Amino acid sequence: MMKRILSVSLLLCLGVIIYSCSKTEDFSGFNQETIEIEDEEIVSALVVQSRALRNQVIDLTVVDDNGDQVSEGVTYYVDDAAITGAAFSSASEGTFEVYAKYEVNGTEVTTDTESFEVIIPKRKVVLEDYTGAWCGYCPRISAAIENCHDLTEHIAVVAIHNDDEMALPFEEDLRDTFEVFGFPSGRINRTQNWSNPHPVGPVTELAGLDTNSAIAIRSQINGNTLAAEVRVVSEDNLEDMKLVLYLVEDGILSDQTNYFNQDETSPYFDQGNPIIDFYNHDVLRMSLSGILGDEITSTPALEEYTKNYSVNLDPSFDQEKLKLVAMLVQADNTAVNAQFSDVDATKDFE
């Protein structure tokens with residue numbers, strides 16, 4: 001039996017490769033692969049970016065088994081309706097299905113069907129906790145962050161340690177920039193003071209709101225090398241913006257000074273002073289970007305800006321507990337949106 005190896009692509013950076021009815025994410029550099037099935041005359045692969053913004057153009061392409069574009073006689077169908085040309089966009093959010101039909105040596109071929117979403121991005125609020133294991137009042141911000149987690153998933157957290165084993169050399173530069181003069185100190189979206197008693201209202205009233213920009217993160221670990229790709233897209237032009245990319249780690253244990261040991265209203269009541277093996281969340285481990293961000297090249301609305309990073313990880317880091325936190329910030333360092341993802345994984349636009 002003659003086998004024909006064919007594929008259909010929506011050519012964007014992040015894809016899902018479909019073989020017959022199975023779906024697997026490809027984190028190995030978006031290499032398109034094919035497999036041969038003895039009882040099938042044609043094997044096709046459909047590569048689809050799973051999410052795009054409203055009015056963002058999605059280019060559609062058919063390629064043959066040599067990777068060459070096939071442009072003649074291809075018709076694309078979105079939600080079973082034929083479209084004109086080889087591009088699609090939608091002014092409304094929703095889930096769509098796409099496939100293509102074309103002929104090969106007089107035989108009509110219909111590709112597998114794959115779905116994708118057009119979305120309105122949701123805002124993730126950045127919470128930064130300036131803390132230290134020596135600081136007896138610092139657990140109160142940890143508790144406030146947990147209260148926020150109970151109410152919303154749309155927060156990206158970074159704990160910046162001072163004068164303990166988790167502190168980084170550039171911590172003082174961050175404190176100087178964001179005018180952190182005491183401990184504990186909290187910041188919302190980098191520049192807004194989250195004052196005691198750190199109420200959830202200023203966080204939850206912003207978290208999850210519709211916004212105009214989105215961030216996607218894809219990363220891979222090979223030994224102690226972490227490679228990360230961050231994509232940013234906006235319904236407005238990206239002008240005078242910066243990209244921050246931090247690596248954080250959960251589950252770092254330390255003895256934590258606790259001035260709430262006698263406070264019956266505190267979640268840290270009667271836990272000892274110090275608290276032995278206090279669980280530290282979201283500890284800042286390194287900055288892959290400049291600590292205040294890397295300048296984003298001027299990018300038109302609805303076009304994606306992509307930045308790649310590669311760093312060597314400290315062997316003491318627990319790779320199973322590492323996360324990336326990306327922030328889109330203005331020139332004045334105010335974060336307008338954020339994204340977080342486990343390492344060695346992919347988090348798409350949301």
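Trainee: How much space lies in the largest cavity?
Mentor: About 30 Å³. Keep in mind that this is a predicted model.

Trainee: How many cavities of 30 Å³ or more does a search of the whole structure find?
Mentor: The search finds one.

Trainee: How does anyone know where empty space is left?
Mentor: A probe the size of a water molecule is rolled over the atoms, and that shows where empty space is left.

Trainee: Ok, and which residues line the largest cavity?
Mentor: Ala 159, Ile 160, His 161, Met 166, Ala 167, Leu 168, Phe 170, Glu 171 and Leu 284 line it. By class, seven of the lining residues are nonpolar, one is polar and one is charged.

Trainee: Which strand gives the largest share of that lining?
Mentor: Strand E15, residues 155-161, with three residues.

Trainee: Glu 171 is in that lining. Which side chain does the side chain of Glu 171 join in a polar contact?
Mentor: That of Asn 162, at 3.2 Å. Asn 162 is placed in the loop between E15 and H2.

Trainee: Is Asn 162 buried or exposed?
Mentor: Asn 162 has a relative accessible area of 11%, so it is buried.

Trainee: New topic, rings. How many aromatic pairs are there in the whole structure?
Mentor: A search finds eight. One of them is Trp 134 with Phe 183: the ring centres are 5.5 Å apart and the planes are at 70 degrees, so the pair is edge-to-face.

Trainee: Where do those two sit in the chain?
Mentor: Trp 134 is in the loop between strand E14 (125-131) and helix H1 (139-151). Phe 183 is in the loop between helix H2 (171-177) and strand E16 (185-188).

Trainee: What about accessible area for Trp 134 and Phe 183?
Mentor: Trp 134 is partly exposed at 38% relative accessible area. Phe 183 is partly exposed too, at 23%.

Trainee: What sort of pair do Tyr 137 and Phe 260 form?
Mentor: Tyr 137 and Phe 260 form an edge-to-face pair, with 5.9 Å from centre to centre and 75 degrees between the planes. Tyr 137 lies in the loop between E14 and H1, and Phe 260 in the loop between strand E21 (252-256) and strand E22 (275-280), so the pair ties together parts 123 residues apart in sequence.

Trainee: Is Phe 260 buried or exposed?
Mentor: Phe 260 is buried, with a relative accessible area of 12%. Tyr 137, by contrast, is partly exposed at 43%.

Trainee: Which residues do ring pairs link into a cluster?
Mentor: Phe 88, Phe 96 and Phe 116.

Trainee: And which charged ends sit over rings?
Mentor: The charged end of Lys 101 sits over the ring of Tyr 77, 5.3 Å from the ring centre. The charged end of Lys 347 sits over the ring of Phe 340, 4.2 Å from the centre of that ring.

Trainee: Switching to Asp 282. Where is it?
Mentor: Asp 282 is in the loop between E22 and strand E23 (283-287). Its relative accessible area is 5%, so Asp 282 is buried.

Trainee: What does the side chain of Asp 282 make a polar contact with?
Mentor: With the side chain of Lys 323, at 2.7 Å.

Trainee: And where is Asp 332?
Mentor: Asp 332 is in the loop between strand E26 (322-330) and strand E27 (335-342). The side chain of Asp 332 reaches the backbone nitrogen of Thr 334 at 3.0 Å. With 48% relative accessibility, Asp 332 counts as partly exposed.

Trainee: Now the backbone. Which residues does a cis peptide bond join?
Mentor: Asn 196 and Pro 197 are joined by one, with omega about 15 degrees. Pro 197 is in the loop between strand E17 (192-193) and helix H3 (201-204). The bond from Asn 273 to Pro 274 is also cis, with omega near 10 degrees. Pro 274 is in the loop between E21 and E22.

Trainee: What is phi of Asp 80?
Mentor: Phi of Asp 80 is near 70 degrees, a positive value in a residue other than glycine. Asp 80 is in the loop between strand E8 (75-78) and strand E9 (81-82). Asp 80 is exposed, at 61% relative accessible area.

Trainee: And phi of Leu 302?
Mentor: Leu 302 has a positive phi of about 70 degrees, and it is not a glycine. Leu 302 counts as partly exposed, at 21% relative accessibility.

Note on methods: Residues numbered from 1 in each chain as written. Predicted model: local features only at pLDDT ≥ 70, side-chain atom pairs only at ≥ 80, totals over all residues. Heavy atoms only, no water. Helix = DSSP H or I, 4+ residues; strand = E, 2+ residues; numbered from the N terminus. Buried < 20%, exposed > 50% of the residue type's maximum accessible area, 1.4 Å probe, protein only. Polar contact = N/O pair within 3.5 Å; in protein donor to acceptor, adjacent residues only side chain to side chain. 1 Å grid on protein atoms, 1.4 Å probe; cavity = no way out; pocket = protein on both sides within 12 Å on 5 of 7 lines; lining within 4 Å. Points joined across faces, edges and corners; volume = space filled by probe spheres on them. Nonpolar A, V, L, I, M, F, W, Y, C, P; charged D, E, K, R; others polar. Phe/Tyr/Trp six-rings, centres within 6.5 Å; stacked < 30°, edge-to-face > 60°. Lys NZ or Arg CZ within 6 Å of the ring centre and 35° of its normal.
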